[in-house]
Amino acid sequence: MEFYALILNEPDNNFTEVAAIRSARYYYNTNNYSKAIPFYERVDQVSADPEVIYNARLGLMRSSYQVNDFAAAANYAKLVLANGLVTSADRLSANYILGKSSLETKNVDDAMSALTFVSRNTTSELASESKFLIAQLQYELKNYSEADTHARALLNMKPTYDYWIAKGLILQSKISMRQDNLFQAEQTILSVIDHYPDTEDGIKEEAHSVYNEI
């Protein structure tokens, strides 16, 4: 790494690209994402190879997301999605990062579009999380009927994931409260309190908080 740093302190030359690639990869693989970013940026600037540029932007997307630079993560996700080299797996990953980053930056249209793609194109836990985030976004927009529709769809997704089922039920309870259906809200939240198996992941605490509000 010391020798790569010496090379990268020089003006661009025949060794710049490989030194930047290996430095970026090293820091990314050791979870030092903030240090990886400038090396990925250097690769993006100096390379003329479309595949190298594509991989650098993948690295920039993932690293930016990991350091909570959501505006940059969303921007690079769009560049990845627009690239003809994008694979099915990378398209799914990029939409997931675009969706969650857009929620953080309050870009509702991008968030809704990207999360909808994820919810429809995988059966992994990402699909359940994305469907919940869509329902929650509609709830925050006070579109309670739309939020309830997505929450119900989440409960019917296969395979099921206990955590997201519980999150969906908690959201349904909140929706019932906003619609002045307190009996239904209470019954729904009690089903989480009484039957959710994990006592360590925060779901029970969230459910009790909603129950107290009811």
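P159 lies in the loop between α9 (144-155) and α10. In this predicted model, the peptide bond that joins K158 to P159 is cis, with omega about -5°.

The loop between α2 and α3 contains N31. Phi of N31 is near 65°, a positive value in a residue other than glycine. N31 is exposed, and its relative accessible area is 54%. T30 lies in that loop too, between α2 (16-29) and α3 (33-46). T30 is partly exposed, because its relative accessible area of 42% falls between the limits of 20% for buried and 50% for exposed. The side chain of T30 reaches back to Y27, where the backbone oxygen is 3.1 Å away.

The second case is N68, in the loop between α4 and α5. N68 follows α4 and has a positive phi, near 65°. N68 is exposed, at a relative accessible area of 53%.

Helix α4 covers residues 50-66, 17 residues in total, and reaches 24 Å from its first C-alpha to its last, close to the 24 Å expected at 1.5 Å a residue. At the start of α4, a side-chain oxygen of D49 comes to within 2.9 Å of the backbone nitrogen of E51. The buried residues of α4 include V52, I53, Y54, A56, L58, G59 and L60. Further along α4, M61, S63, S64 and Y65 are buried as well. The cover over these buried residues includes α2, α3, α5 (70-81) and α6.

Leaving aside residues up to four places away in sequence, D44 touches I53, A56, R57 and L60. With R57 the contact is also polar: the two side chains approach to 3.1 Å. Of the residues that D44 touches, I53, A56 and L60 are among the buried residues of α4.

How do α6 and α7 cross? The axes of helix α6 (residues 88-104) and helix α7 (residues 108-121) come within 8 Å and cross at roughly 140°. The crossing of α6 and α7 is left-handed. On the α6 side, the contact is made by R91, L92, N95, Y96, L98, G99, K100, S102 and L103. On the α7 side, it is made by D110, A111, A114, L115, F117, V118 and N121.

The last helix to consider is α11, residues 182-195. At 1.5 Å a residue its 14 residues should span 20 Å, and the end C-alpha atoms are 20 Å apart, which agrees. Which residues of α11 are buried? They are A185, T188, I189, V192 and I193. Seen down the axis of α11, these residues fall within an arc of 140°, so they line one face of the helix. In general, an α-helix has 3.6 residues a turn, so residues three or four places apart point the same way. The buried residues of α11 pack against α10 (162-178) and α12 (203-213). On the other side of α11, F183, D194 and H195 are exposed.

Note on methods:
Residues are numbered from 1 along each chain as its sequence is written. This is a predicted model: local features need pLDDT of at least 70, side-chain atom pairs count only at pLDDT 80 or more; totals for chains, interfaces and linings use all residues. Side-chain values use heavy atoms; hydrogens and water are left out. Helices (H or I, at least four residues) and strands (E, at least two) are DSSP runs, numbered from the N terminus. The expected span of a helix is 1.5 Å times one less than its number of residues. Buried means under 20% relative accessible area, exposed over 50%, partly exposed in between (1.4 Å probe, protein chains only). The arc is that of the directions from the helix axis to the C-beta atoms. Contact means heavy atoms within 4.5 Å. A polar contact is a pair of N or O atoms within 3.5 Å; within protein, one must be able to donate a hydrogen and the other to accept it, and residues adjacent in sequence count only if both atoms are side-chain atoms. Axes are lines fitted to C-alpha atoms, for helices over the stretch in contact, and angles run from 0 to 180 degrees between N-to-C directions. A crossing is left-handed if the near helix is turned anticlockwise from the far one by less than a right angle, and right-handed if clockwise.
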